[in-house]
Amino acid sequence: MIDAGRRYNQREVARVLNRLGELQPRTPNAPLTRNELQSVATEAGLDVSQLDTALATVDTDDKCRAHSLGLRLFVVARRELDGTLNQTKLESALGVINRSVGVIGQHQLSENELSWFGHHVTVSVTVTDARISIQIEERFRHTAQTRLALALGSGVPTVAAIGAIAGPAGWVLGLIPLGVYGLVRNRHRQHIYATESRLEQLATTLAQRLAA
């Protein structure tokens, strides 16, 4: 029996709501806006002061999981720290970004926000309630598509042609071009790892500069 008088803390409320969602019939539900999400969380007794951070995290995690035939399309680095922003700090951060990425990108700068874009890299620095958020992402959509086109464009037609001309034995030889895809995938993965390391270092440097 469930005790109707029992009181649940915030962590338990979140778990109950999550479980309740899992138990709902598998029918399409109307998507919620940010304000609707805030209302639901407020009614559930949850602290909504970090709602925007949570929403940004969901979007970022989705990007990190985005793949095209096995090739990742995004790399993201994040930092959060206590503090405030001013023009001097943000101009210093702008210089760090330009030097790290290697290009003078397009940017928008205000007293408490910096948005920067250049060379497939996007940097966002914002502050909310004395909490600085840094997010850096680099896209690989075109790189992945180009590498896939080179690998699959050369491999698949060759396999079909050899198989048609030489029979079953030809298919064995035809698998060789498909190995190109494996090499391309490994090279792309190495590029991803190197980029992750570079963006994490940039995020750390920006955090140190903005905390000063």
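Guide: Welcome! Two strands pair if DSSP finds at least two bridges between them. The strands themselves (E, at least two residues) and the helices (H or I, at least four residues) are DSSP runs, numbered from the N terminus. You are looking at a predicted model, in which local features need pLDDT of at least 70 and side-chain atom pairs count only at pLDDT 80 or more, while totals for chains, interfaces and linings use all residues. Residues are numbered from 1 along each chain as its sequence is written, and side-chain values use heavy atoms, with hydrogens and water left out.

Visitor: In what order do the elements of the protein chain run from the N terminus on?

Guide: The protein chain has 6 helices and 7 strands. Read from the N terminus, these elements follow the pattern α-α-α-β-β-β-α-β-β-β-β-α-α.

Visitor: What order do the 5 strands of the open sheet have?

Guide: Pairing in this open sheet is antiparallel. Its edge strands, each pairing on one side only, are strand 3 (74–82) and strand 4 (106–109).

Visitor: Over how many bridges do strand 3 and strand 7 pair?

Guide: Strand 7 covers residues 131–139 and meets strand 3 in the antiparallel sense. Within this pair, valine 76 stands opposite glutamate 137. The number of bridges between strand 3 and strand 7 is 9.

Visitor: Which residue is the bridge partner of threonine 126 in strand 7?

Guide: Strand 6 and strand 7 pair over 8 bridges, in the antiparallel sense. The partner of threonine 126 in strand 7 is serine 133.

Visitor: Is aspartate 129 buried or exposed?

Guide: Aspartate 129 is in the loop between strand 6 and strand 7, and it has a positive phi of about 50 degrees although it is not a glycine. Alanine 130 in that loop also has a positive phi, about 60 degrees, and at 42% relative accessibility it counts as partly exposed. Buried means under 20% relative accessible area, exposed over 50%, and partly exposed in between (1.4 Å probe, protein chains only). Because its relative accessible area is 67%, aspartate 129 counts as exposed.

Visitor: How far apart are the end C-alpha atoms of helix 4?

Guide: Helix 4 has 15 residues, 87–101. The expected span of a helix is 1.5 Å times one less than its number of residues, so helix 4 should span 21 Å. The end C-alpha atoms agree with that, at a separation of 21 Å.

Visitor: Which residue caps the N-terminal end of helix 4?

Guide: At its other end, helix 4 is followed by glycine 102, whose phi is positive, near 95 degrees. At the N-terminal end, a side-chain oxygen lies 3.2 Å from the backbone nitrogen of threonine 88. A polar contact is a pair of N or O atoms within 3.5 Å; within protein, one must be able to donate a hydrogen and the other to accept it, and residues adjacent in sequence count only if both atoms are side-chain atoms. The capping residue is asparagine 86.

Visitor: At about how many degrees does helix 4 run to strand 5?

Guide: Helix 4 lies across strand 4, strand 5 (113–118) and strand 6 (121–128). Contact here means heavy atoms within 4.5 Å. The angle between helix 4 and strand 5 is about 15 degrees.

Visitor: The backbone oxygen of which residue lies 2.8 Å from a polar side-chain atom of threonine 195?

Guide: Threonine 195 lies in helix 6 (residues 168–211) and, at 1% relative accessibility, counts as buried. Leaving aside neighbours within four places in sequence, threonine 195 is in contact with Val75, Glu138 and Phe140. The backbone oxygen in question belongs to histidine 191.

Definitions and conventions:
Axes are lines fitted to C-alpha atoms, for helices over the stretch in contact, and angles run from 0 to 180 degrees between N-to-C directions.
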